[in-house]
Amino acid sequence: ASSFARMFVQVCLYFYCKCLWRCLKFVVRKLTGQCELQRICYNTKPGAARTMKIEASLKGSKSKRLQTSVNVHPDAIEKTIDDIMELKRINPDINPQLGVSLQACLLQIVGYRNLIAEVEKLRREPYDSENPQHEEMLLKLWKCLKPNSPLKARISKQWCEIGFQGDDPKTDFRGMGLLGLYNLVYFAEWDTEIAQQVLSDSLHPKYSQLSKAEWEKKKFDKAIGYSFAIVGINITDLAYNLLVSGALKTHFYNVAPEAPTLTHFQQTFCYLMHEFHKFWIDEDPLDIMEFNRVREKFYKRILRQLQNPEMALCPHFAASESLINM
């Protein structure tokens, strides 16, 4: 009986707050002469703060047309903006900048949803050693990371040198499918110097020549090493979870002037790889068995950073200056 009473009170409170909120919105509109979308666009600067408020406003609207506007095809965005302006009785000739601002926000919102679909498709596609394109990408990864060490055979223990578990990397891509390979190749090809440095740092010297006491005394290598490729696939999983959960909206809405793309996602992966490597060294784990603990701590740190609406994980990929005037 007590649980039913609590549930009844919560339901009543929900509907009361919802009705009260709608009444407040109605009063504010009458006082200001502006709808909620206008107030957001005129009073909030471009980026995540504005786009996330617009997204919440559209999804929370009592109008089905506004609710579904966040799910339209990119080609239908202009028509959707016209519909919104008409529904809200906003004259586009008097408010020309509003349409531009709403379009930029809707491009980001729809683009984020489409990016999830694109990333999910890559994650679900398994690595196929019979596919020449897959094999070509895998060999490119080796060439970018080990340009001075030719691969002696396709099936080789050499793959362990860049952090795969066995002599055929295809088995390591099962969890993240082609997405893991795409990210690793992007990192190795476009951030080659950093990728090679991270790989080098991840390879720690053998314990065989030093006792544990000598090792600790000389501080020969501050952190225990890790398997570069395996960690890359693991960080791909981390980036994927941030994307699907919506946590990366803050970052993408701040760095992508329009629709975020797969390139934005891969650039974010590069950033996460570099940052995780520094975090791993700072944590100074006793052994590789601490990987999950360190990863979880790193994940929580990134989540906290993304709670800031001003946050952009990769400042050098920031949106164009033209956004400022929207």
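What follows is a set of questions and answers on a predicted model of one chain.

Colleague: How many helices and how many strands does the chain have?
Modeller: From the N terminus on, the elements run α-α-α-α-α-α-α-α-α-α-α-α-α-α. The count is 14 helices and 0 strands.

Colleague: What share of the contacts in the chain with a separation of 6 or more comes from residues 24 or more positions apart?
Modeller: Take the burial first: of the 326 residues, 44% count as buried. Now the contacts with a separation of 6 or more: residues 24 or more positions apart account for 67%.

Colleague: Which element gives the largest share of the largest nonpolar core?
Modeller: This core has 84 residues. Those with the most contacts inside it are I54, L102, L141, L181, L242, F265 and L272. The largest share is 11 residues, and the element is α6.

Colleague: Which residues does L102 contact, leaving aside neighbours within four places in sequence?
Modeller: L102 is among the residues with the most contacts inside the largest nonpolar core. In soluble globular proteins, nonpolar side chains tend to be buried together. The contacts of L102 are L37, C41, I54, I81, I84 and M85.

Colleague: Is I81 buried or exposed?
Modeller: I81 sits in helix α5. Beyond four places in sequence, I81 touches G99, L102, Q103 and L106. The relative accessibility of I81 is 6%. The cut-off for buried is under 20%, so I81 is buried.

Colleague: How far apart in space are I81 and L98, C-alpha to C-alpha?
Modeller: In sequence, I81 and L98 are 17 residues apart. In space, the C-alpha to C-alpha distance is 9.6 Å.

Colleague: Are α6 and α8 roughly parallel or roughly perpendicular?
Modeller: Helix α8 covers residues 177-190. Its axis and that of α6 are 3 Å apart, at an angle of about 105°. Angles of 65 to 115 degrees count as roughly perpendicular. Therefore α6 and α8 are roughly perpendicular.

Colleague: How many nonpolar, polar and charged residues make the contact of α6 with α8?
Modeller: From α6 come V119, L122 and R123. From α8 come G177, L178, L179 and Y182. By class, the contact has 5 nonpolar, 1 polar and 1 charged residues.

Colleague: Which residues of α2 are buried?
Modeller: Helix α2 spans residues 36-43 and is mostly covered. Of its 8 residues, 6 are buried. They are E36, L37, Q38, R39, I40 and C41.

Colleague: Is the pair of F187 and F228 stacked or edge-to-face?
Modeller: The whole structure has 16 aromatic pairs. The ring centres of F187 and F228 are 6.3 Å apart, and their planes lie at 15°. Planes under 30 degrees apart count as stacked. So the pair of F187 and F228 is stacked.

Colleague: How many residues apart are F187 and F228?
Modeller: F187 is buried at 0% relative accessibility. F228 is buried too, at 2%. The pair links distant parts of the chain, with F187 in helix α8 and F228 in helix α11 (residues 228-245). The separation is 41 residues.

Colleague: Is the pair of F276 and F291 stacked or edge-to-face?
Modeller: F276 is in helix α13 and F291 is in helix α14, 15 residues apart. Both are buried. Their rings are 5.6 Å centre to centre, with 65° between the planes. Over 60 degrees counts as edge-to-face, so this pair is edge-to-face.

Colleague: Which residues do ring pairs link into a cluster?
Modeller: F276 and F291 form an aromatic pair. Both belong to a cluster linked by ring pairs. Its members are Y226, F276, F279, W280, F291 and F298.

Colleague: Is R89 buried or exposed?
Modeller: R89 lies in the loop between α5 (77-87) and α6 (96-124). Its phi is positive, near 55°. Most residues other than glycine have a negative phi. The relative accessible area of R89 is 78%. Over 50% counts as exposed, so R89 is exposed.

Colleague: What is the phi of D284?
Modeller: D284 is in the loop between α13 (262-283) and α14 (291-306). With a relative accessible area of 31%, D284 is partly exposed. Phi here is positive, in a residue other than glycine. The value is near 50°.

Key: Residues numbered from 1 in each chain as written. Predicted model: local features only at pLDDT ≥ 70, side-chain atom pairs only at ≥ 80, totals over all residues. Heavy atoms only, no water. Helix = DSSP H or I, 4+ residues; strand = E, 2+ residues; numbered from the N terminus. Buried < 20%, exposed > 50% of the residue type's maximum accessible area, 1.4 Å probe, protein only. Axes fitted to C-alpha atoms, helices over the stretch in contact; angles between N-to-C directions. Parallel < 35°, antiparallel > 145°, perpendicular 65-115°, else oblique. Contact = heavy atoms within 4.5 Å. Nonpolar A, V, L, I, M, F, W, Y, C, P; charged D, E, K, R; others polar. Core = buried A, V, L, I, M, F, W, Y, C linked by side-chain atoms within 4.5 Å. Phe/Tyr/Trp six-rings, centres within 6.5 Å; stacked < 30°, edge-to-face > 60°.
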